[in-house]
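Please look through the sequence and the structure shown here, and then read the briefing that follows, which goes from the whole chain to a single residue.

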Amino acid sequence: MTVSSGSPGWYLRRLSRMGPAEVAGRAGDTVRRRRWRSAPPDCPRVTGARFTAVLPAGTVAEVPPEAVKRLVAEADRLMGGHAEYFGVVRDDMTDPDWSYDPKTGRRAPRGHAFDVPYRDEDTVGDIKQIWEPSRHQYLTVLAAAYAVTGDERYAERVDAHLRSWWAANAPLRSVHWTSGIELGIRLLSWVWIRRLLDGWPGAAALFEDNPVAVNQIWHHQRWLAAFPSRGSSANNHVIAEAAGQFAAACAFGWFPASARWRADALRSLERQLRGNTFPSGLNRELASEYHGLVLELGLAALAEADAAGVPVPATVRLVLLRMTDTLAAVVDSRLRPPRQGDADDGHGLVVDGAGTDRWASLLATGDAVFGRLPWWPAVTCADARTPLLAALIRPYATKGTARPASRPGHFADAGLTVLRGPGEIWCRCDGGPHGFLSIAAHAHADALSVEVRHDGVDVLADPGTYCYHGQAQWRRYFRSTLGHNTLQLDGEDQSVSGGPFLWTRHARSRVLVADTPDASGGGTARWCAEHDGYRPSTHRRRVELAAASRELRVVDEIRGRHSGRRTVRLAFHLGPAIAADLVDGRAELTWTRDGEDRSATLDLPGRLKWRAHRGESDPPLGWYSPGFGRKEPATTLVGTGFADGTAEFTTVLRFHG
C-alpha cells in the first residue's frame with residue numbers, strides 16, 4: 001500500500017529510513033527555521049558590484065544557424081505568451097501569475113514559506129506546475145535570443161518578468177522558497193541571464209545596480225547554505241543546490257560570505273558528484289533523466305569555475321568525463337538512453353529552442369570538452385548550449401586518463417546491461433540495486449525488467465513516470481512491478497512502497513551472467529540475473545539475443561520452496577507505435593519507421609492466459625508516458641496463471657526482415 005506524502009504514517013516511515021546524523025541535521029533545520037521566522041537574516045549592503053563573468057568575444061557567433069533558428073522561434077512563441085509545462089498549455093505567459101497552477105486552477109497560498117504545505121495538491125495545486133516556470137529557464141531562452149539577435153524586445157521581457165517575480169516572491173514569503181533544488185536551478189538561470197544580456201544597456205540596472213535583485217541573490221544563497229538536502233535526500237537535489245550556489249558565488253561574488261559559500265559549495269559538489277555516481281559513470285539513482293540533469297548541472301558548474309579562475313578538484317572533471325562516456329555507451333541508435341526509473345523532464349541549463357535533442361546536445365558538449373572516443377555514436381546535433389559552455393570550460397587533458405577502448409555493454413556496479421543485435425536491436429536488462437540511498441526516491445519496482453527497441457522505436461517499452469504528486473493511483477501504477485516488463489507474484493510489488501518517494505523494503509538483485517559481444521560478430525549476447533523480492537521464492541531471468549536469427553529469448557524462472565500456489569502475472573508493455581494482433585499465445589507486432597513497415601512476432605508462454613489491455617483506468621493498465629504530465633494509451637500484454645514451487649516461462653521475440 002502506498003501512503004500519501006505528509007500523512008502521519010508517511011512521517012513514521014520516512015523517519016525510519018534516516019540515520020542519527022540526518023535526524024540531528026533535520027532537527028537543527030527546524031530550530032533554524034523558527035529563528036528565521038522571528039528574526040529573518042538581512043542582506044548586507046553591497047556597493048560597487050560588477051559582473052565580469054562574460055562570454056569570450058565571438059562566442060555567440062559560434063552558435064550554428066540551425067540552433068539560432070530554433071531558438072528564435074521558441075523565443076517568439078514565448079513572447080506571444082505561449083508555453084507548455086508537463087502537458088499543460090499556457091497562454092498567459094506575457095504576465096504570469098507566479099503562484100497559479102493552470103492544471104487544477106488553484107493558487108498557492110501566500111504567507112511564510114515555512115507554512116506552505118506544498119505537498120498538498122488540494123491546498124496548493126500541482127506544485128510542479130507552479131515551480132517549473134519559476135526556474136526561469138524560459139527566461140534563459142529569451143536572454144539567449146537577445147544574445148544571438150540583438151533584439152531588445154527579448155531583453156525587455158526578461159527585465160519585466162524578473163522584476164515581477166522578485167516583487168511577488170519576497171524572501172521567505174512564497175511557495176518558491178520551500179525547496180532547495182528550485183532555488184539552486186533558479187540561481188543558475190539568473191547567472192546565465194545576466195551573462196547573455198551583457199550587451200544590453202539595461203543589464204546592470206536589472207542585476208548588480210538593483211537592490212531588489214541583489215537582495216534576492218543574497219537570500220537565495222543564504223537559504224541554500226542554511227538548508228541543504230541531507231542524508232537520505234542527498235540525491236540530484238543536493239547537486240542542484242550546490243551547483244546553483246557555486247555558480248552564483250562565482251558570478252555574483254559581491255557579498256562578504258561569497259568566498260565561503262563558493263568554497264563550501266564546491267566541496268559539496270565534488271563530494272556529491274562522487275557519491276551520486278557509480279565508478280562506471282552511471283548515476284546511482286538509476287534514473288536516466290537524472291543522469292542527464294546531474295551531468296548538465298556539473299558541466300554548468302565547471303563552466304563557472306573556469307570562467308572565474310577557481311581551481312576545481314580533478315575528481316570533478318573525471319566524474320563528468322565518465323558520465324559522458326557512459327551516456328555515449330548506453331544510448332540506442334537514435335541517441336535515446338534507457339527509460340529507467342523516474343523522469344520529470346528536469347534540465348540544468350536551457351538555452352535552446354524546442355526540437356533540440358537533449359542527449360545529442362550533451363554528447364556534443366562532451367565531445368567539445370573531453371573529446372569523443374572512436375566508438376562513440378555519431379552526433380550531428382546543432383545546439384546553442386555546446387558553444388556557450390565550451391567557450392568557458394577549459395579543454396580537459398585526457399592523456400593518461402583511462403577511458404573505455406571499446407563500447408561497454410555491461411556496467412557491473414549499476415547492474416545495467418545493454419545487449420545489441422543487427423538491425424539496430426537494443427535491449428536493456430536491469431539487474432542492479434533497487435535505487436539510491438535508504439529511500440530510493442526515484443526508483444521503480446522494476447527488478448529484472450527488459451526494455452527493447454528496434455532502430456530507436458520502443459517495442460517492449462518502459463512505460464515511464466507520468467506524475468509525482470496528487471494522483472496516487474497513477475504514481476503507484478507507473479512505479480509498480482506490473483507497470484514494467486517483468487514478472488509479478490501474488491499481486492505484490494517486488495519492493496515495498498511507503499510513499500510516492502519512499503521505499504521501505506528494497507528487492508536485492510544480482511547479475512549472474514553478462515556476455516555482450518559485438519553485434520557485428522554474429523554471436524549471441526547473454527544475460528542472467530535474479531532478485532529476492534518474493535522471498536522465499538527467487539525470480540531468475542535469462543535473456544539471449546541471437547544476432548544470426550534476430551531472436552530475443554526471455555526465460556523466467558520461479559525458484560525455491562514456497563508453501564502453496566502462487567499467482568503469476570507476466571507483463572510486456574508495447575511502445576505506443578506498436579500495433580498488436582494477439583491470438584492465443586502469439587502476438588504479431590507491426591509498426592512504421594521512416595515510412596517503412598516493420599514487424600516482429602512475440603511468442604508468449606503457453607502456461608499463462610494472455611490478454612491485451614489498452615488505456616484502462618480502473619485500475620490503470622496499458623499506458624505509456626512520453627514525458628512528465630503526459631500519458632497515452634499503449635498495448636500491454638499480461639499473462640496470468642499459477643505456479644506450484646519451481647516454474648519456468650519462455651518468451652521469444654523475433655524481428656522480421
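**Surface and overall form**

The accessible surface of the chain comes to about 24200 Å², and carbon and sulfur atoms account for 50% of it; such areas come from the Shrake-Rupley method with a 1.4 Å probe, and for residues only the protein chains shown count as cover. This is a predicted model, in which local features need pLDDT of at least 70 and side-chain atom pairs count only at pLDDT 80 or more, while totals for chains, interfaces and linings use all residues. Residues are numbered from 1 along each chain as its sequence is written, and side-chain values use heavy atoms, with hydrogens and water left out.

**Fold and dimensions**

- The chain holds 17 helices and 27 strands, which are DSSP runs numbered from the N terminus (helices: H or I, at least four residues; strands: E, at least two).
- Along its principal axes, the C-alpha trace of the chain spans about 75 × 55 × 50 Å.

**Burial and contacts**

- Of the 657 residues in the chain, 60% are buried, meaning under 20% relative accessible area, whereas exposed means over 50% and partly exposed lies in between (1.4 Å probe, protein chains only).
- Among contacts (heavy atoms within 4.5 Å) between residues at least 6 apart in sequence, 72% join residues at least 24 apart.

- Thr52 lies in the loop between α2 (20-38) and α3 (65-79), and Thr52 counts as exposed because its relative accessibility is 67%.
- Thr52 and Pro404 are 352 residues apart along the chain, and their C-alpha atoms are separated by 39 Å.
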